[in-house]
Amino acid sequence: MPSGVVLLGPWLEYTQITRSIRENTIYDYVVNPRVYEFIHPIMGDICGGEDKRREMSPYFGRVKGMCPVHISYSLKEVCVDEDSEFSRRLKEAGVDVEVETNPHLMHAYQLFFDFIPEAASTMESVVSWMKRRLTS
């Protein structure tokens, strides 16, 4: 089993348009309405067929017995609904999970650590978490 997994604003739910996708694309600089309008119609092809969306969606996968997880996301990004629900499911299943949230930032804000102080702080937290997992 891996020592752990880091999820940075993960897109996990491939079967439906969540509330946060409908409402937060107007705030999200990365996944704006145009990006979503482009990707959603071809998601079935990416998954290997429309009937495979649920099967390929990590959101619906088995979480019991998963390795430790560090998940971070913004409370205004397009994936906040599925990320918070997935985090809840991980905790409920007894998975060692660390959740870090930040308000008012866009999807995958963590990747902008050279420009956004909150992203730098999150990445410091991620690196610290990884070091603890790799040395234990």
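Q: Where is Tyr29 found?
A: Tyr29 lies in the loop between helix 1 (19-24) and helix 2 (33-46). Helices (H or I, at least four residues) and strands (E, at least two) are DSSP runs, numbered from the N terminus.

Q: Is Tyr29 buried or exposed?
A: Tyr29 is exposed, because its relative accessible area is 72%. Exposed means over 50%, buried under 20%, partly exposed in between (1.4 Å probe, protein chains only).

Q: Where do these values come from?
A: This is a predicted model: local features need pLDDT of at least 70, side-chain atom pairs count only at pLDDT 80 or more, and totals for chains, interfaces and linings use all residues. Residues are numbered from 1 along each chain as its sequence is written, and side-chain values use heavy atoms, leaving out hydrogens and water.

Q: New topic. What is the strand order in the sheet?
A: The order is 1-2-3, in an open sheet of three strands with parallel pairing. Two strands pair if DSSP finds at least two bridges between them.

Q: Which strands are at the edges?
A: Strand 1 (5-8) and strand 3 (97-102), as each pairs on one side only. The twist averages 10° from one strand to the next.

Q: How many bridges join strand 1 to strand 2?
A: Four, and strand 2 covers residues 69-74. Val6 stands opposite His70 in strand 2.

Q: Which strands does helix 4 lie across?
A: Helix 4 (residues 80-92) lies across strand 1, strand 2 and strand 3, at about 155° to strand 2. Angles run from 0 to 180 degrees between N-to-C directions, with axes fitted to C-alpha atoms, for helices over the stretch in contact (heavy atoms within 4.5 Å).

Q: And what about helix 5?
A: Helix 5 (residues 117-135) lies across strand 1, strand 2 and strand 3, running at about 175° to strand 3.
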